[in-house]
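User: Could you take a close look at one part of this model for me, the place where the two chains meet? Once that's done, carry on into whatever else you can say about each chain.

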Amino acid sequence: MAESESAAATLSPEASARMEFELHLYYQMKLIRAFEERVSRLHRQNKILGGVYSGAGQEAIVTGICSPLREGDFVAPLHRDLGVFLMMGVDAGRLMAQLMGKESGLSRGKDSFLHGGDLEHGIFGSTSMLGSSLPIAVGAALKFQIKREKQVAVAFFGEGASSRGDVHEAMNFAGVRKLPVIFVCENNRFAYSTPLEKQMAIEDVASRAEGYGFKGHVVSGNDLLAVVQLSERIVAKTREGGGPALIECKTYRFRGHSEHDPALYRDKEELVEWESRDPIPGYEFYLEKRGHDVRHLREQIDERTRKVVQEAVDFAENDRLPEAREALEDLYAPPGVPGSNNSNNGKS
Amino acid sequence: MEVTYLTAINQALHEEMRRDENVFVMGEDVAELGGAFKVTDGLLAAFGDDRVIDTPISEALIVGAGIGAAILGMRPVVEMQFGDFISCAFDQIVNSAATLRYRHGGRAACPLVVRAPSGGGIHGALFHSQNTEAWFTRVPGLKVVTPATAYDAKGLLKAAIRDNNPVIYFEHKRLYRSIKEDLPDGEFVVPIGVAEVRQTGRDLSIITYGGTVHQSLDAARIVEKEDGLSVEVVDLRSLLPLDRDAILATARKTGKVLVVHEDRLTGGFGGEIAAIVAEHAFESLDAPVRRLAAADTHTPFSTPLEEFVLPNSNKIVEAIRSLAAY
């Protein structure tokens, strides 16, 4: 990258690679923000039907957690984790087509927003039953353990979902079998309208990990650098057989539960306070300290993300809607080796 | 060799685990103990604790983890210790598993088997006697099978394990040790979705499955001897997908249909069978479709109560006579 040339001039190859990586994370976080802002706009224009659940303010979590993941790892995002799809390499156009119910969308128009997974990129499409994807990530980790594969499974969930029984069952079994699974709690302090203090009698979801026989870690979810550093350490340890871990990322939901929710139940002072902890300017400050010309960098990255998002919108708007009768397809997998014929429409 | 229904299931598990190293078994007490009913007996010794896994009492986890492993190419066979407990895993089955392929646009598969030891007549009372198949037969994306013979128990389990979709396998506890059959030595699989005519007949048809197949056959023998009635008995074997052709063929042949199942009457699967016959074979009928099922109450504990509630061959005999006389 041209903007980093001066900063990179005196660096070792390792340090130079690290710098490229850190700039890439900045781009990813900015792309997620730009993509979601466009999605909110499209929703207001009635171009996206159904619910839209913004992850604005929580970008550092998905970016940081996914950054040490590799091909073959398994991720179960929550409904606010559009960034996971972009981080794991899902094409932005297909993602936008998914949100618009178009044929090229991940679920080919079958389900809304983020329920369409993309297993080619290791992403499980979660259901609306929050927390139900944790047992499934545990099953993926069980497969890795049975087959002696050095892969990890990551399950994202909110502090809201942490009240569900599935979460307890999953963590308990993961602890018993010492499975390669990492539970990532995005504690944004609200389950729709219900504040933290009505959801649990403790301050940290992470403190529950001890009860399952593994470690819980608390990190500022708005501090990308902190999330990356913790994630790299934990993912490496779990990958090498260190067993499960729980990472609780303290954060705050910038927007309502969904786009139709003005979130009037929130304290304005609290929102302002958390908005001042926006992960993007925070990370820019770090890059500045690293010697980058941030103003220049921001302009360049904004230009790039604008282009990617616009291309995604153009692709999705020009994509065709599914044929009505496709509602009856994709119900059953045909005989044979699953995945060997991914283009099959599921007529069996 | 003559084997019980229970041994037939155990054989299917052994054979499929030997055939495919991606098959594994998971559930409460399935490893060390060999299962509460000994259905998984011997698997731990044969295949080790990587593939025969004892779990905590966590039905949602058992099914959910099965789904997670299945997505990545494993073929888990998970056990609900009693079919009644499947309610604790209901969300994972009907939302996570059944919709998986659909919501992934046809680009995912979930080759999972959920074994559900079901049924009454063993003084199991309210929470160890239920027949819950009708909770699942209306969920697209699932398959539902209900074997009634040792041959089908083995062949349908093998088919279920090889199927690329979630299959709920209802095995009837009363049949575990009460029936024995000579099974072929060689390999066999029973296709899912194909009914079997257990006995051909002219005067009326019984359409049944699972725990009431043998009771229906007993009843058919009694009325043949005592009333000279010729009764056809169709064993559906699979409920989803359903062999509609077999249902309509027997209805058109005899013109009188008695549907029998052990699940309770209202909302039971018999209503669907009756509707299919009424919609598509109305012109062939000589009598209204009749249903015999458990009374619309819970399955009680005490002997007179349980006998009153559940179907049996005597009640089927009465129903046959009444329908034949119409």
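Analyst: Two residues count as in contact here if their C-beta atoms, placed from the backbone, lie within 7 Å. Keep in mind that this is a predicted model. On that basis, chain A brings 43 residues to the contact and chain B brings 37 residues. On the chain A side, helix H6 (133–146) and helix H7 (165–177) each put in at least two residues. H6(A) is the top contributor to that side, with 9 residues. Sort the chain A side by class and you get 20 nonpolar, 15 polar and 8 charged residues.

Staying with chain A for a moment, have a look at helix H3 (residues 59–66). H3 of chain A is mostly covered, with 8 of its 8 residues buried. The run of buried residues in H3(A) includes Glu59(A) and Thr63(A), along with Ile61(A), Val62(A) and Ile65(A).

Now over to chain B and its sheet. Seven strands make up an open sheet with mixed pairing, and the order is E3-E2-E4-E5-E7-E6-E12 (chain B). At the edges sit strand E3 (52–54) and strand E12 (238–240) of chain B, each pairing on one side only. From one strand to the next, the twist averages 20°.

Strands of a sheet pair through backbone hydrogen bonds, either parallel or antiparallel. Within this sheet, strand E4 (residues 75–79) and strand E5 (residues 113–118) of chain B run parallel, joined by 3 bridges.

Technical notes: Residues numbered from 1 in each chain as written. Chains lettered and ligands numbered in written order. Predicted model: local features only at pLDDT ≥ 70, side-chain atom pairs only at ≥ 80, totals over all residues. Helix = DSSP H or I, 4+ residues; strand = E, 2+ residues; numbered from the N terminus. Nonpolar A, V, L, I, M, F, W, Y, C, P; charged D, E, K, R; others polar. Pairing = 2+ DSSP bridges. Axes fitted to C-alpha atoms, helices over the stretch in contact; angles between N-to-C directions. Buried ≥ 20, exposed ≤ 12 C-beta atoms within 10 Å, placed from the backbone.
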